[in-house]
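Okay, thanks for having me, everyone. Let me put the structure up and walk you through a few spots.

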Amino acid sequence: MLQQTILAVEVSEDIIRGVVLKGRGTKLTVLDYAGMTRAKPDEDLPAIDSLKELKETLKYTGKNAVYVTALARSMELFMDRKKVSGMSQYQLSEAAKWEVESYTGITGGNALVGVEKETRPKAAPGEIVYEDETDEIMVNISAIEKNVYVAVRERFKAAGLKLIRVYPPEVSFYMPLFLESPDSPRAILEIGTDYSNFAVFKGRHPDQISTLNFTCDAVKSHLASEIGSSDLENSLKFTLTQAPDHEPVVLTGPGAAMPEISDYLDRLSPYGARPLMLSKAVRITHKETDPADAVFGTAVGAGIRELGGRTMRRVGIDDSEPLVVQLKRNVYVMPLVVTAILAIGLLGHNQFMKFQERRFKADIKRYSAEVEKNKKTIQKYDDLVEKSARLKKDIRTVRERINYVNKLADKKLAVLVTCFKGIARAVPDGLVLDTVNQTPDAPDILTITGRTWDLVRVGRFAIAMQDNDWCTAAVLKSLEAVGETRLAFVMQVQINSESETIQ
């Protein structure tokens with residue numbers, strides 16, 4: 001949230017006062033304030049040296065400042081409601097310029113004004129609100145001569161300050177109430193050196209603002225005189241009785257700092273009166289409240305208006321003009337301005353597109369690197385998957401071999417051993433075996449080759465083979481003479497591997 005500081009300056013007779021305020025959002029703080037005697041009290045404008053000294057005393061390092069002066073006049077005018085509702089703030093200010101001459105003597109061409117439309121407080125729960133049937137709306141207007149404003153602005157500039165706005169005392173004196181309890185009904189009385197002001201608030205909106213014709217000196221003279229002024233006392237009584245019930249009237253201005261005046265008004269008011277109690281926080285220290293500080297109330301109010309938001313600043317006076325008005329006044333500049341705006345827009349768009357292009361190229365480069373990295377990772381993953389598949393296949397093969405060795409190899413070996421033993425027992429005398437082969441494609445068939453001297457021995461051998469439980473069949477495949485006395489034979493024996501003899 002943006003923090004702002006402002007220096008509010010007020011000149012009253014032979015005293016120049018300054019207040020430094022800080023604003024952050026809706027929170028306002030009085031940082032410091034000080035007053036000093038003016039070298040030339042007869043001058044209406046603040047001296048440059050006085051402004052410099054005030055700035056140094058308050059250790060104000062900023063530039064922005066506002067000025068409260070009685071040279072700025074305040075008034076209330078009724079204007080046509082429909083016309084006002086359709087006007088912009090600048091148009092309303094221009095219209096108000098030509099209304100102030102009869103009240104202030106300032107011509108419309110030489111007037112600078114600030115304008116604030118009448119605002120109404122929100123109705124309380126259960127309160128009856130009547131529709132306004134009038135065709136007029138009240139407008140608060142502040143006005144000052146343009147040459148006076150320029151002279152004040154230049155003096156501030158020479159003192160190293162920037163004048164932001166000028167406020168009349170009538171629109172500033174009651175603003176310190178917003179530092180206390182802005183939603184409570186309150187009344188405030190400013191006792192000035194030239195005139196006095198009185199305001200009644202019901203919540204955040206003024207219900208009544210009055211300018212009174214008595215001063216500090218008049219009240220002091222009344223108190224010093226043995227007879228006094230009954231008109232003054234009656235006027236004060238009537239004013240003070242308009243304050244909300246059960247709330248003391250807040251006193252501000254030079255008169256509030258005089259104990260005899262504040263005590264007198266406290267006795268005169270039905271619910272009492274007390275000086276405005278200001279406290280200032282300088283760095284980490286905090287100053288105790290002092291009734292004499294009530295003289296700074298009007299300057300504090302100007303600072304509150306400036307920091308309180310655009311709506312509160314509208315009644316302040318400045319010499320700025322909207323950009324549209326300045327362009328209309330200098331019509332010949334319009335094509336150049338439009339061209340410049342278009343050129344700036346196109347240049348800005350071109351630079352933005354270049355920036356986007358650089359950013360996209362950087363993104364493409366980065367993403368390409370990530371894609372390459374991911375490709376390598378995927379390839380590594382695929383290689384690992386392939387290697388894992390090969391390992392699983394090898395493991396399966398080894399398991400099959402182990403299973404074969406553990407279960408089938410011994411069984412087949414036992415079959416062969418049994419068969420060979422049976423064959424050996426079945427061989428008759430006079431018969432010689434040459435080979436006993438097991439067919440790879442048919443492991444249950446044994447091929448036996450041998451020699452003998454007569455056919456009878458071959459028959460005996462076949463019959464003897466079939467006497468074994470494991471032998472399903474013994475088939476003589478071939479028989480041929482070898483020489484004059486010998487016979488060569490080939491016999492196939494069918495093995496029953498499930499035979500109980502083998503098991």
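I'll go through a charged patch, a helix and the cysteines.

Quick housekeeping: this is a predicted model, so local features need pLDDT of at least 70 and side-chain atom pairs count only at pLDDT 80 or more, while totals for chains, interfaces and linings use all residues. Residues are numbered from 1 along each chain as its sequence is written, and side-chain values use heavy atoms, with hydrogens and water left out.

So, the patch. E13, D14, D194 and D217 form a negative surface patch. For a patch, residues need over 30% relative accessible area and no salt bridge, and like charges are joined within 9 Å; a salt bridge would be a Lys or Arg side-chain nitrogen within 4 Å of an Asp or Glu carboxyl oxygen. D217 sits in helix 6, residues 216-224, helices being DSSP runs of H or I, at least four residues, numbered from the N terminus. D217 counts as partly exposed because its relative accessibility is 47%; buried is under 20%, exposed over 50%, partly exposed in between, with a 1.4 Å probe and protein chains only.

C216, on the other hand, is buried, at 3%.

Next, helix 9, residues 297-307: 11 of its 11 residues are buried, including R305 and E306. Just after helix 9, G309 takes a positive phi of about 120°.

And disulfides? Zero in the whole structure, where a disulfide means two cysteine sulfur atoms within 2.5 Å. Take C471: the closest cysteine sulfur, in C419, is 8.2 Å from its own, so that's too far for a bond. C471 is buried too, with a relative accessible area of 7%.

How values were computed:
Patch = residues over 30% accessible without salt bridge, like charges linked within 9 Å, V, L, I, M, F, W, Y side chains within 5 Å. Areas by Shrake-Rupley, 256 points an atom, 1.4 Å probe, with all protein chains shown as cover. Lys, Arg positive; Asp, Glu negative; His and termini not counted. Charge placed at Lys NZ, Arg CZ, Asp CG, Glu CD. Helix = DSSP H or I, 4+ residues; strand = E, 2+ residues; numbered from the N terminus.
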